[in-house]
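Please open the model in a viewer and keep the selection panel at hand.

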Amino acid sequence: MEEKASSARFALKWGLILAVGQILFSTALYVTDQMGNAGLSSLSYILIIAVLVMAMRDFRTANNGYMSYGEGLGLSALIGAVSGLLSSAFSVFYTTVIDTEVMARLADRVREDLENKNIPDNVIDSQIEMMQKFQSPGFLFIFGIVGMIAMSFIFALVIAAILRKNKPVFE
């Protein structure tokens with residue numbers, strides 16, 4: 001009887017690859033002061049999708065060309081967990097140790113954008129206050145992990161459907 005490849009091993013491998021990519025990308029955004037730039041930040045979605053596709057293809061190849069839809073979803077959630085844990089830990093470290101002013105600059109940029117839209121000062125103040133409540137290191141860490149798992153799972157709903165190949169029942 002042939003042994004099935006472990007999805008945990010693939011999740012660790014590809015989760016680490018995705019985390020390194022995200023850390024490099026976020027460092028570039030931090031250094032160039034582009035955090036909050038929605039256009040550039042959305043490029044990270046391409047990285048996530050590319051890694052999920054490569055991971056599922058790698059997993060499917062290791063399983064003699066077969067991968068069920070559920071295996072693809074599970075693999076993607078595990079990749080998201082590994083990547084989210086590592087990249088969130090880096091982001092918290094960066095914002096609390098390396099560049100402690102990055103969140104203040106982000107709040108200033110949000111305030112400026114809202115002022116340019118002629119939003120009243122009391123609304124701007126309340127939005128900035130709310131934003132600052134969610135910038136604590138603990139919240140950023142937990143939200144980073146949960147958000148990455150959810151994002152990986154959502155992308156995997158489509159990717160796994162395309163890449164799945166079920167084993168024949170009578171084989």
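**First stop: a serine in helix 7**

Select S152, which lies in helix 7; helices are DSSP runs of H or I with at least four residues, strands are runs of E with at least two, and both are numbered from the N terminus. The model is a predicted one, in which local features need pLDDT of at least 70 and side-chain atom pairs count only at pLDDT 80 or more, while totals for chains, interfaces and linings use all residues. Residues are numbered from 1 along each chain as its sequence is written, and side-chain values use heavy atoms, with hydrogens and water left out.

Is S152 buried or exposed? S152 counts as buried because its relative accessibility is 0%; buried means under 20% relative accessible area, exposed over 50%, and partly exposed in between, with a 1.4 Å probe and protein chains only. Show next the residues around S152: leaving aside neighbours within four places in sequence, S152 is in contact (heavy atoms within 4.5 Å) with I48, L52, S76 and G80.

**Second stop: helix 3 against helix 7**

Display helix 3 and helix 7 together. Their axes are 10 Å apart and they pack at an angle of about 50 degrees; axes are lines fitted to C-alpha atoms, for helices over the stretch in contact, and angles run from 0 to 180 degrees between N-to-C directions. That angle makes helix 3 oblique to helix 7, since angles under 35 degrees count as roughly parallel, over 145 as roughly antiparallel, 65 to 115 as roughly perpendicular and the rest as oblique.

On the helix 3 side, select Y45, I48, I49, L52, V53, M56, R57 and R60, which meet M148, M151, S152, F155, A156, I159, A160 and L163 of helix 7. The residues of this contact divide into 13 nonpolar, one polar and two charged. Here Ala, Val, Leu, Ile, Met, Phe, Trp, Tyr, Cys and Pro count as nonpolar, Asp, Glu, Lys and Arg as charged, and the others, Gly among them, as polar.

Now centre on M56. Apart from neighbours within four places in sequence, its contacts are M67, G72, L75, S76, A156, I159, A160 and L163.

Select helix 1 (residues 7-31) and helix 4 (residues 69-98), which pack at an angle of about 35 degrees with axes 7 Å apart. Their contact comprises 17 nonpolar, nine polar and no charged residues.

Within helix 1, pick W14, which counts as buried at 10% relative accessibility. W14 touches V51, M54, A55, D58 and I79, not counting residues up to four places away in sequence.

Move to D99, in the loop between helix 4 and helix 5. D99 is buried, with a relative accessible area of 16%, and it touches Y94 and R105, residues up to four places away in sequence not being counted.

Finish at M103 in helix 5 (residues 102-116). With residues up to four places away in sequence not counted, M103 touches T95, Q135 and L140.
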